[in-house]
Amino acid sequence: MYFMLFDISLFSQHADRLFCNGIGPHVLDPGDVFGVTHPGYPGPYTNNVDCYIQITASNDGSIRLTLVDFFLENRYDNLIIYRGNQLSIAHLTGQVYPNYIESSDILLHFKTDVSDTRRGFFFQAEWITELCK
Ligand SMILES: [Ca+2]
């Protein structure tokens, strides 16, 4: 598994971030479930990707991201997950991943280098009742 420290102040430099879906943040309402994937899924991802996926929960809920599939080029292609746009929860690469992640506001930063791609990622996002404040 590959870890690196990430300067959270870097995030403020990405105020004009490019959303992976080309649209903007996803808002999850009660009962909503949808798939969160790299651009181009179910095909492999491409080189030189640098984009964000933001998911927020309405009605004081939270989001649970459950992993379905994950395979990135180890070390060179990365998925960094933030809670509330600030705190880095996880830095994922290769084939190592958490079973699930929960937060009321999740930001994923997907970045790939200039060569070699893999299968990519697929999470299921669902609205859940916030368990604790
Ligand atoms: Ca790569």
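Over which residues does pLDDT stay under 50? Colour the chain by confidence and select residues 1-13: pLDDT stays under 50 there, and the model has 15 contacts beyond four places in sequence for this stretch. Where pLDDT is low, the predicted coordinates should not be read in detail. This is a predicted model, and the mean pLDDT of the protein chain is 86, with 85% of its residues at 70 or more.

**The whole chain**

Switch to a cartoon view of the whole chain. The protein chain has nine strands and zero helices. Of its 133 residues, 26% count as buried. Among contacts between residues at least 6 apart in sequence, 80% join residues at least 24 apart.

**The four-stranded sheet**

Select β2, β9, β4 and β7. In that order they form an open sheet with antiparallel pairing. β2 (33-37) and β7 (100-103) are the edge strands; each has a single partner strand, so one side of each is left without a neighbour in the sheet. From one strand to the next, the twist averages 25°.

Show the side chains of R64 and E126: R64 stands opposite E126 of β9.

**The five-stranded sheet**

Select next β1, β3, β8, β5 and β6. These strands, in that order, make up an open sheet with mixed pairing. Its edge strands are β1 and β6, each of which pairs on one side only. Here the twist averages 20° from one strand to the next.

Step across this sheet pair by pair:

- Select residues 26-28 and 50-57. These are β1 and β3, which run parallel and are joined by three bridges. The bridge partner of V27 in β3 is T56.
- C51 stands opposite F110 in β8.
- Select β5 and β6. The two pair in the antiparallel sense over five bridges. L79 has L92 of β6 as its bridge partner.

**The nonpolar core**

Which residues have the most contacts inside the largest nonpolar core? Select I55, I63, L79, I106, L108 and A125, and show their side chains: these hold that position in a core of 25 residues. The elements that give two or more residues to this core are β3, β4, β5 (78-83), β8 and β9.

Centre the view on I63. Leaving aside neighbours within four places in sequence, I63 is in contact with L28, I55, A57, E102, S103, S104, I106, A125 and W127.

**Stops in the loops**

Move to Y76, in the loop between β4 and β5. Is Y76 buried, exposed or partly exposed? Y76 has 18 other C-beta atoms within 10 Å and is therefore partly exposed. Beyond its neighbours within four places in sequence, Y76 is in contact with D113 and D116. Draw a C-alpha to C-alpha distance from Y76 to D113: the two are 5.9 Å apart in space, although they lie 37 residues apart in sequence.

The remaining stops concern backbone geometry. Most residues other than glycine have a negative phi, and most peptide bonds are trans.

Select Y41 and P42. The peptide bond from Y41 to P42 is cis, with omega near 10°, and P42 is found in the loop between β2 and β3.

In that loop, between β2 and β3, select N48. N48 has a positive phi of about 60° although it is not a glycine. With 9 other C-beta atoms within 10 Å, N48 is exposed.

Finish at N59, found in the loop between β3 and β4. N59 is not a glycine, yet it has a positive phi of about 55°. N59 has 10 C-beta neighbours inside 10 Å, so it counts as exposed.

Notes:
Residues are numbered from 1 along each chain as its sequence is written. Two strands pair if DSSP finds at least two bridges between them. Axes are lines fitted to C-alpha atoms, for helices over the stretch in contact, and angles run from 0 to 180 degrees between N-to-C directions. A residue is buried if 20 or more other C-beta atoms lie within 10 Å of its own, exposed if 12 or fewer, and partly exposed in between; C-beta atoms are placed from the backbone. Two residues are in contact if their C-beta atoms, placed from the backbone, lie within 7 Å. A nonpolar core is a set of buried Ala, Val, Leu, Ile, Met, Phe, Trp, Tyr and Cys residues joined through C-beta atoms within 7 Å. pLDDT is the predictor's confidence in each residue, from 0 to 100.
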